[in-house]
Every structure is written in C-alpha cells, then in structure tokens.
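Grab a pencil and work through these exercises with the model open beside you. Each task comes with a solution in steps.

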Amino acid sequence: MKVAVLVAVAIVAFAAIGSAQIRPSCSMPQLWEARVISFDPNERVYHNHTSEYRAFARYSYDGVYQRKRIFEEARFGSSPSQRFDILELYSIKKAYVTNLGTRQCLIYDIRHPFIAHDIPANATFEGYETLGAYPDYVTLTQWVLPNATRGDVTGTRYLTYTSQGCVPVRDDYFSNATGFTYTEFSDVTVGLHDPNIFNPPTGCKPAPPPPAY
C-alpha cells in the first residue's frame, strides 16, 4: 500500500514538473499603448559616459508596421530632466526626435533592428508568477532570452507577460557593459487613441553627422 501511494505521489510530482516546463501559447496584441517607466539602477560607466538614466513615457507601439512613438521625460545622471517626442519608423530606418524644450526636431538614421515586444521564439519559459492576492491577483509568465543584442551590446533579456492576453508587463535587460536596465509597462490599452500618432512631424531637419540613432 505504501509503495502504491509513493508511486502515485511520484507520478503526480512528475506530471507537475512536466507541465511547468510546457511553453504557454499566447499571441500579444500588435497595436497598443502604455505608460513606461525605465531606469538603470547600476549607474555603470559605458564608453566613457554614465549610462545612468530615468525615463517616464507615454508609449505607442505598432508591431505590424514596426513603428514606435515615445513622449518621454528623461534624466541622464545629474543633468536636468529633458522632454522628448520620439517617432521611430523602422520601415524607412528613420527616427524623428523633437526636443520639447527647444522645439527642435532632428531626423536620425536608425541603424539597429526593430525590437519587438512579442515573446521571442527562442526565449525560454521560466514559469508562472502571481501578482496580488486572492481574489484580486494576476498570473504572469516569465521568460529569458540569452544572447539578446541591442546595438553593439549583447546581453540577457528578461520578459514578463500576463498569462491572459499576453500583455507585456516588464522588459528588462542585462549586459556586462551596461549593467541592468529596468523597463515596466502599465495602463496598457489595445489600439491607438490617435490614428495619426505615427505621422512624422513637420519642420524636421537631418541631424548633424554622424546620423546614428
């Protein structure tokens, strides 16, 4: 009898472990907006300048046509905060960056690939996490993507989504060169509040060389 019970317990435990490793299947919305908080808690020095920054933004994302619009207030190190309007159009590899303080708009060439917020096909599913307490809680899924490149840097990407609807919650990144960067999405809404949000601003001029963004 004891042997049978032990076998049954072992089967249940094995099944639980096996199910925990099953990759969840979900499809993330491709057109959405959110508030974004991003910062670098490591304050690393990278290429002779500090990578310390804090940014608060309103973010619009189009994964189909590879477009992003960011209205952000950013602070780098101890410098005063600055407000920017950034439009990234990856189909034409151009970024329109408006300094909202000076109203100057410059056009930069985008030289890095589009970073999508979908769960990468080669990401590893790490498990589930519960945020909150019953009955008010949200179940999240955790993912890790090693060898993730951003520009000329290679590191590890840590991603968090809701299990229902596959809504992005976190998109963190670590590399030996830049340290750890934290990015959080909140107040996510599907769709766009303005159908013209991805229209380029007028009066922009090419950025002085080198035109790299």
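**Exercise 1.** Is Arg150 buried, partly exposed or exposed, and what is the accessibility of Asp171, its salt-bridge partner?

*Solution.* 
- Step 1: Start with the cut-offs: buried is under 20% relative accessible area, exposed is over 50%, and partly exposed is in between (1.4 Å probe, protein chains only).
- Step 2: Arg150 has 26% relative accessibility, so it counts as partly exposed.
- Step 3: Asp171 comes in at 5%, which makes it buried.
- Step 4: Now check the bridge, which needs a side-chain nitrogen of Lys or Arg within 4 Å of a carboxyl oxygen of Asp or Glu. The closest N and O atoms of Arg150 and Asp171 are 3.4 Å apart.
- Step 5: Arg150 sits in strand E10 and Asp171 in strand E12 (residues 168–175), 21 residues apart. Strands here are DSSP runs of E with at least two residues, and helices are runs of H or I with at least four, numbered from the N terminus.
- Step 6: Shared partners join Arg150, Arg157 and Asp171 into one network of salt bridges.

A quick word on the ground rules: this is a predicted model, where local features need pLDDT of at least 70 and side-chain atom pairs count only at pLDDT 80 or more, while totals for chains, interfaces and linings use all residues. Residues are numbered from 1 along each chain as its sequence is written, and side-chain values use heavy atoms, with hydrogens and water left out.

**Exercise 2.** Which parts of the chain does the salt bridge of Arg35 and Asp187 tie together?

*Solution.* 
- Step 1: The two side chains meet at 3.2 Å, N to O.
- Step 2: Arg35 belongs to strand E1 and Asp187 to strand E13 (residues 179–190), so the pair ties together parts 152 residues apart in sequence.
- Step 3: Arg35 itself is partly exposed, at 47% relative accessible area.

**Exercise 3.** Which residues touch the most other members of the largest nonpolar core?

*Solution.* 
- Step 1: A nonpolar core is a set of buried Ala, Val, Leu, Ile, Met, Phe, Trp, Tyr and Cys residues joined through side-chain atoms within 4.5 Å.
- Step 2: The largest one has 27 residues, and Trp32, Tyr59, Trp143 and Tyr161 touch the most other members.
- Step 3: Elements giving two or more residues to this core include strand E1 (31–39) and strand E10 (136–150).
- Step 4: A second, separate core has 8 residues, among them Leu89 and Cys204.
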